[in-house]
Amino acid sequence: MKPNIKNIAVLTSGGDAPGMNACIRAVVRTGIYNGVNMFGVLQGYQGLINNNIIPMDARSVSNTIHMGGTILKTARCLEFKTEEGMEIAFKNLQSRDIDGLVVIGGDGTFTGAQRFGEKFGVRVMGVPGTIDNDLYGSDFTLGYDTAINTVIEAIDKIRDTADSHDRLFFIEVMGRDSGCIALRSGIASGAEAILLPEKETSLDELIAQLETGASTKKSSSIVIVSEGNKFGGAYDIAKKVKERFNHYDTKVTILGHLQRGGSPSSFDRILGSRLGFAAVNEILRGNTMQMVGLRGNEIVTTSIEEALTRHFFKLENDLLEMTKVLSI
């Protein structure tokens, strides 16, 4: 028997990701279409504690699908990690008779949702919103596609100036534990080398690749460095390489939070819409403590616990092999 869900709230937490607004829009309108009262929580879990919860109607999310960032804002909240903080948050939900909670974010967001749902029995549904693409249960996380396109656009522009001056550029991209952004953007932009957290590339290997390119009259080289690379960031690696390889003038670019911003790609707009639609429908069916995700072209659910604890190698072997073959 389906539960009688009357009120659902949605929040975004942790780092913002393009496509979050498309997802919020889908959550709100799917709930309203099904006769549910919808609420938005401003500034993530901090908003739950501060009772910063507002009613939302269909017009609350008008003209937002193309916007980057999150209209609900986001914040990191240490207080929510405490028993007292979660107790306050729960009482604020109770005061509005909120039956379900959709949380959009990454592993930190899901960790909080898991503890909160288990402790108070709140119906929780997670949507993977993180540019790092590092949650189990979804081939693509919300914002990942847009971030890759942003990185590629930046690298293309850097390549122009690198070619003009015979330069070697080290470009650092986001990915503390996941090299997904680095790998795909590196292949798509024709990078000469890609340094990943998951695959150790020695300094000798890197220099050998660069020397091979120089010997075949390459006019410039681009090295993509994932911020989680074991040998340090782009500045550290560039310094070490320059001591042993000075064929090119060496420069460093840190793309940083540029990767999180901007209007979401069509892929992320559609993915956000599909995941938001599915999240509400799963709550209405009585499901809880699940994450909705994309596998193949199907929307599936994975337990939040599994999404957090089960890790698998997301970097495709053919892409890893291509990085060497296509960079000659």
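What follows covers the chain as a whole and then zooms in on one residue. Keep in mind that this is a predicted model. The chain has 11 helices and 11 strands. Its radius of gyration is 22 Å, close to the 20 Å that the globule rule gives for 328 residues, so the chain is as compact as a globular protein of that length.

**Overall build**
- Picture a box of roughly 70 × 35 × 35 Å along the principal axes: that's what the C-alpha atoms of the chain fill.
- Of the contacts in the chain with a separation of 6 or more, 77% are between residues 24 or more positions apart.

- Out of the 328 residues in the chain, 54% are buried.

**Charges**
- The chain carries 35 positive and 39 negative charges.

**A look at threonine 150**
- You'll find threonine 150 in helix 5, which runs over residues 144-165.
- Threonine 150 has a relative accessible area of 17%, and because the cut-off for buried is under 20%, threonine 150 counts as buried.
- Setting aside neighbours within four places in sequence, threonine 150 is in contact with Leu258, Gln259 and Gly261.

Methods
Residues numbered from 1 in each chain as written. Predicted model: local features only at pLDDT ≥ 70, side-chain atom pairs only at ≥ 80, totals over all residues. Heavy atoms only, no water. Helix = DSSP H or I, 4+ residues; strand = E, 2+ residues; numbered from the N terminus. Rg over C-alpha atoms; globule rule 2.2 N^0.38 Å. Buried < 20%, exposed > 50% of the residue type's maximum accessible area, 1.4 Å probe, protein only. Contact = heavy atoms within 4.5 Å. Lys, Arg positive; Asp, Glu negative; His and termini not counted. Charge placed at Lys NZ, Arg CZ, Asp CG, Glu CD.
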